[in-house]
Amino acid sequence: MSEIPVTGVYIHHCINGSVDSVEIAEITSYASGLPGVVILGNSAVLPPVDKLYFTRLIREKRIKRLILAGDKPGEVKPFFADVMVRAGLNQHDLIVTSFHEFDLRRKTDTGLAKRLLNSAIMGTSVEQAGHFGEGGFIEDTLVIGGGIAGIQASLEIANSNHKVYLLERTGTIGGHMAMFDKTFPTLDCAACILTPKMVEIGQHPNIRLMTLCEVLNVTGNPGNFEVKILQKARRVDLSTCIGCGICSEKCPGKAASEFDNKTTLRKSIYIPFPQAVPNKYLIDPESCIYLKDGKCGTCVKVCPAGAVHLDETDKEITIRVGNIVVATGFQPFDARKDQRFGYGKFPNVVTSLEFERLVNASGPTGGNITLRTTDKKGNRIFTAEGKTPGSVALIHCIGSRDVNYHKYCSKVCCMYSLKLAHLIREKLPTAEISEYYIDIRAFGKGYEEFYERIREEGIHFIRGKTAKIEEKDGMLMLRSEDLINKKLVEQTVDMVILAVGLEPRDDARKLADMLGIPTDEEGWFTEGDYHIDQTGTIRGGIAVAGTCQGPRDIPDSVAQASAAAASVIRNILNRKIRLTARDQLVKMDKK
Amino acid sequence: MSKRVDPDFKRRLFKYGGSKEWNECFHCGNCTAVCPLTEQGFLFPRKSIRDIQMGLKDNLLSYTDPWLCYYCGECSETCPRNANPGELMMTLRRYLTSMYDITGLSRRFYTSKWWEFGYIAIIFVMIILAFLIFLPLRPDAAAMINDSGGVMINNLVAGMSPETFVRIIELGDWTMAVIVASLLIMNILHMFKVTILNDSSTKVPFVSYFSEFRQLFLHFLTQAKFSKCEDKKYWVGHFLLMTGYSIMFALIVAVLPKFQIEDIVPWYNWQRLLGYYATIGILFFLVNVAIGRIRKIDIKLRFSHSTDWLFIIMLGLTTISGILVHIFRITGLPVLTYYSYVAHMAILVPMVLVEVPFSKWSHLAYRPFAIYFTRLKKAAVARQFEPELAPTL
């Protein structure tokens, strides 16, 4: 073999304020130890400004090809392309290898970054180094999240006769969709669409439903993942509980109902909602008197089936799966963060999700729209006896399209606000309803028509973001600018509904780190490719579905869940999973 | 009347302010609604942003809106696009000051540091030369100590009786005041022309000119609108500065012979008490604002134009030199008293001549007049078609 061609390496890495970044110094010293490698510099020490300097360096060191590494090396590519030409080299011998592309962002990824740089120096692309996962292929699939996306994906996979573990954090599946009253734009009853699917999950022989479970750790490679799961104590035996409800009747403990978004109270031993799956009771350890004080145990005494076990503890379960579908969904923006709207301070400023429960026939008021009342113990809840509001205002874009909170558009708020306006009009035909919006984004099939329909129902549309809400004589006063009529609007209403945006779950990044998939700067999981791989990720065998990947409505979530299921079934039919570049790096690093 | 679009207007405006972000605005109307000072028909800051983006310069000139804003910063803090509408209002005030000014000097001062510093330097040198040539220090100045051990300040100049010296200084002060006042009056007439006469949409009822006139004095003296902003500390600071400076101005112009006297009066005499109040008021404001601008503690102090700093520095130097004159005088150091007196005058005169008619301080006239004109416009609108917009007294 003749002389090895000398390779120059330049690392362009902007840390962007992140403390936990890959160790550039370590990578540099590693690369300089490789045969035939010359380190040209590192943008932190030597910013690329002097073309003449680099040209001279390339000539002196007899460099034949150049590798730009770092988190955004593309930024300096034009600069070095020019340097190459000046040095008399072919500018196509310039190789750009980005750490960012493989999600090598944390300190723990330093080893992987070295591997990546090594394969670039060797002149092999990472994908060609190997093909499939090791350790045998497991046909079972894990679906994380029991919302509509998780349900859809599980059913698709289970119906193709493969086994599915469906993991759910709360006591029932259904997710946010189960809380909704109607869906837009068809105004179907959300529960009527969802509950048959939930029942199907509960009865499916191929689906193992695991409620009150959280992922603790994920190891292994595509086709053979080992997942450690924390199963929280339900304290009610699923197999023996007959769901009679006597325990709940007698239980003295009370807490705000999560399912009803804290608009009403539930017992400490409860069933989240009548159609819950599994339709069994569970104990809330926060409010249970026995668990707090050690004496009570009424539920144990009254249970005819002997299903209550108050001393049950959390346990860890380990399962092995071949594919993972992530469908963890979203959380609504916490309107308390924006103090101007007085959410939490004024009783009749409610979020859209609270209002969904209020307007729902199975909600706290039986579907009557009422103002908040205070019960004997001082809990501010909604009851059917409350006063009926004469005027309601809906405010769009709370927490969305605002650089102070989330700069993205949450995509669904305009449409659900229109839907809520319609539901109010239906129940309160004489009420004054106003929508304060920045832009109405009715973007889908039948959506614009829906908007037209709502406009004809006598609802005021005021273009202008509401800036603040104040209390005035027991009413809520909104202050806004009407941009169309060029006026300042000060309207007093009985009730204000805040159209809160969607945001990633607080622990989404934690899960992303466990799975080794990236999130974007907001915290949404990053898809494989924005246009042509909406369900895949940079890891093989891990798919994303639903709102955990970005704000979207129910039809889109369902479509994406089916697509994710298709990719899982493809992997199962192939009985092997093609490794992605990142999987390769992980594999190479282990050797 | 047809309206002319000036596509380059936006870019020209960049020179007047520290922030360019207002171009991010997507017109949600948050700023207008969050502002405690907006009124029906005067929808600032958003309306102004619209006109800038569309290049409607003539529209903007006819607005009094920027002067109705006291920059509490609420709009900038809550803006969903970080467009800094509050800073835009500040930028527009600078721009309007330069547009009202008929001499054209204000525009040069705001857009070119050379012009501004050159102008100040020329006046500075002129004052010093005038003192050294016409009012030199007398050779036996060191002996000019009175019975109580203080300096006889009016006896420090060679070949001149104390009465003549005071009269010369008084004459100079009055000349300065007259120059500044006449410039301001001309500018306000020009402002009247562009905001009321050129605005074809308003026909002011004649009687309103008189019925609204008292508003002018009310707002000139109290800045009542400023006190409506949520954060009251700026209003307090401004009030201290305003009263402090007004007192000082009255002392050195109207009653100079009674203020600049030979004897050192006890500390509780009115001259000294007023002087101390003014000094503390001005210093309190200056120190707070300077620290705020350096540390950028508040949104309204985050973007500093060069003229903001020039104002702080010149007023600071004036105050310090004034304090030095006072200290040297009461401790009996005649020579130092003379030189600090010269320095005081050499800083004070250019400051007044640049700030009051052409720069930051012109707002002392523009703000109350803008409120007056705003009420005239409202009266006009009320008479024309919308009675509910009539001003409430």
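Okay, let's start with contacts: in chain A, of those between residues at least 6 apart in sequence, 68% join residues at least 24 apart. Two residues are in contact here if their C-beta atoms, placed from the backbone, lie within 7 Å.

Quick housekeeping. This is a predicted model, where local features need pLDDT of at least 70 and side-chain atom pairs count only at pLDDT 80 or more, while totals for chains, interfaces and linings use all residues. Residues are numbered from 1 along each chain as its sequence is written, with chains lettered from A and ligands numbered from 1 in the order in which they are written.

So, chain A overall. Its C-alpha trace spans about 90 × 65 × 45 Å along the principal axes. Of its 591 residues, 46% are buried, meaning that 20 or more other C-beta atoms, placed from the backbone, lie within 10 Å of the residue's own. Chain A has 15 helices and 28 strands; these are DSSP runs numbered from the N terminus, H or I of at least four residues for helices, E of at least two for strands.

On to domains, with bounds from an automatic or database domain assignment. Chain A splits into domain 1 (6-124), domain 2 (141-232 + 314-329 + 505-582), domain 3 (246-302) and domain 4 (332-503). The C-alpha centres of domains 3 and 4 of chain A are 31 Å apart, and their contact takes 7 residues from domain 3 and 10 residues from domain 4.

Now for a sheet. It's an open one of 4 strands in chain A, ordered E2-E1-E3-E4, with parallel pairing; strands pair if DSSP finds at least two bridges between them. What stands at the edges? Strand E2 (37-42) and strand E4 (94-96) of chain A do, each with a single partner strand, so one side of each has no neighbour in the sheet. From one strand to the next, the twist averages 20°; angles run from 0 to 180 degrees between N-to-C directions, using axes fitted to C-alpha atoms, for helices over the stretch in contact.

Strand E1 (residues 6-11) of chain A runs parallel to E2(A), joined by 5 bridges. For A:Val9, the bridge partner in E2(A) is A:Ile39. Helix H3 (residues 77-86) of chain A packs on this sheet, touching E1, strand E3 (63-69) and E4 of chain A.

Last, the contact between chains: chain A gives 18 residues and chain B gives 15 residues. The largest share of chain A's side, 3 residues, comes from E24(A).

Note on methods:
Buried ≥ 20, exposed ≤ 12 C-beta atoms within 10 Å, placed from the backbone.
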